[in-house]
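Trainee: I have a model to read and some terms to check against their definitions. Please go through them with me.

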Amino acid sequence: MRALAARAACENASHCHARAVNSRRAVGAGMLIFGFSLPTLPALALGDSTVTLEDVTPPVAPRGDLPPSEERIAKLFENNTFSVVNVFDTTLKPELNLTGSVEVPEGNGTGIVWDKDGHIVTNYHVIGSALSKGLGKKKPVARVSLLVEDGVQKTFQATLVGADKTKDLAVLKIDAPEALLHPISVGKSSNLKVGQRCLAIGNPFGFDHTLTVGVVSGLNRDINSQTGVIIGGGIQTDAAINPGNSGGPLLNSEGKLIGINAAIFTRTGTSAGIGFAIPVDAVSRVVPQLIKYGKIMHAGLKIQVAPDIVAKQLNVKKGSLVLSVLPSSTAAKAGLVATRRGIAGNILLGDVILAVDNLSIKNPPELAKALDDHEIGDRVVLKVQRDDKVFDIHVELEESLN
Amino acid sequence: TTRSVVAIQDLDLSSNVAAVDMDDGEIQGIGSGFVWDRFGHIVTNYHVISKIAKDTSGKKQIKVVLLGLNGDVDSYNAAIIGLDASRDLAVLKIEVPESSVLRPAVIGSSKDLRVGQNCYAIGNPYGYEHILTTGVVSGLCRQIPSPSGKPIFGAIQTDASINAGNSGGPLLDSFGRVIGINTATFTRRGSGTSSGVNFAVAIDLVRQVVPHLIVEGAVSSSRSVERGVLGPPRYLSLP
């Protein structure tokens, strides 16, 4: 096969990476643009007989050391690339070979080595297919490839440790020798400044360990995650982020993790210079819980609210309509009223939550996010509409229902 | 470098003009290239001139446009000297009045490239207006398809934008040396827009192949050239 021949050819050179055998797939849904059309011409060109090979072989100009700023970035990449892994959801079918003989490593996403126990952090949606099939904890859900030496990768089966859809994070575990595990250095996201340099390492389109560089373009963005929820506090960057970068690290210029790349805003499906990362402070709160409990406890109320379609049918245009309230819950104790049937069989609307602590709520995802921003035990003030009266209800948050 | 980077234009002569009059032709197919040596050899991508290379009507002419000594823009007819579809390379030749008009590009090497260092992709699609995109080296030793369908090895990946305008032109490092030839960009089918994942053919490969293309016109597509040349001897020592 051509790919194997290529490997042999490259071996004698001081490695154009002897890639690990088990991770090659063709460039799938993407393509490289040229302006050409096959088939090509047999050589019609005649060559130039007026010159010799020596005449037309230019000398190689030497270079000095890289300028300090470039040297720093090159070193940053070299030191941190071993903490970045390829993650491949094993329940996905491999992509078809669409561009001839070119083979590109598998990996529909990226992950980060978190600790020496073999925990790998990635996005929930990277292994979404496996998770939606309901594979339980401790079941293999993905293959993770670690970079062993420059260009050489070793692949391991990864089991699920915990995952949370609303934070779009998942933790996997691989059984790899400690010497191969290089945990990422965790930074802080609370003191980030727009304009500071950041680096993304990931596997866009399967090109593994790709480095892209940009700046922090914005802070505190709402990320529309692929899991269907809104994640707040997102870091926006113009470092090129593409499908395949998900789950990978966003580093600051000291090589510390400041975010996990999760989403892009695009009309074409590829990078348009607007990428979003989940801030590391949120990740640092979530990952230990996922490792310890397999899930995270979300602050909220033990109530069910009406999804948009139902709310529209019941003529509730703004806010969140309460459908049901768990009898023993703090919401019930605070006097929140659910939707119920009247004596005549007609529907009596329950309370509509309009705002949480003065933050107005337009729909159920916004309510969930507003409550989730708190801790369990916090007291919040809900602005509630009941019939034509609007008033406040004070309630203590507990673990949310879903 | 600006004087080294040229525009490559395909001139399509209208078929109903009896006399061959270049000025009545239509200009099509634009890309970039750069001056290789003082003999007038110009290096570019095969795909930039592939349409003309396959044309049998004799009515297509390649023109190379470059900045002259006094800032003028001069256009020259170019002959095809060598083609290598499997590595997406082509060599043209122009005849200039005096060789001082030509400023060969400074050639570097790709084997000591490091991921993270800056790189600059230059194009000159119209002959008088250089375009520059910048970025870093994103990855090395990538495999990309060539116009012949065979893979090109050792390609440099960069997040500097590569598009039809700078295709065929040089990719430079911070020392102004050519480290690659801007060749392709990765895009989802149908979108046609760049994604920040772009590729250049490595200069070490170009430097081995182009002299043969010039002298012999073609190069065998056996991979003996790659064997001797590719692969940066980087040592990423484990931290």
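Trainee: Which residues is B:T44 in contact with, leaving aside its neighbours within four places in sequence?

Mentor: They are B:I8, B:S32, B:G33, B:D88, B:L89, B:A90, B:L92 and B:G168; contact means heavy atoms within 4.5 Å. This is a predicted model, where local features need pLDDT of at least 70, side-chain atom pairs count only at pLDDT 80 or more, and totals for chains, interfaces and linings use all residues. Residues are numbered from 1 along each chain as its sequence is written, chains are lettered from A and ligands numbered from 1 in the order in which they are written, and side-chain values use heavy atoms, with hydrogens and water left out.

Trainee: Why is B:T44 called buried?

Mentor: Buried means under 20% relative accessible area (1.4 Å probe, protein chains only). B:T44 has 0% relative accessibility, so B:T44 counts as buried.

Trainee: What lies 2.8 Å from a polar atom of the side chain of B:T44?

Mentor: The backbone oxygen of B:S32 does.

Trainee: What makes β5(B) and β6(B) a pair?

Mentor: Two strands (DSSP runs of E, at least two residues, numbered from the N terminus) pair if DSSP finds at least two bridges between them. Six bridges join β5(B) to β6(B), residues 89–94, and the strands run antiparallel. One of the bridges has B:L92 as the partner of B:I80.

Trainee: Where does B:D88 sit, and what is its phi?

Mentor: B:D88 belongs to the hairpin of β5(B) and β6(B), with four residues between the strands, and takes a positive phi near 55 degrees.

Note on methods
Buried < 20%, exposed > 50% of the residue type's maximum accessible area, 1.4 Å probe, protein only. Polar contact = N/O pair within 3.5 Å; in protein donor to acceptor, adjacent residues only side chain to side chain.
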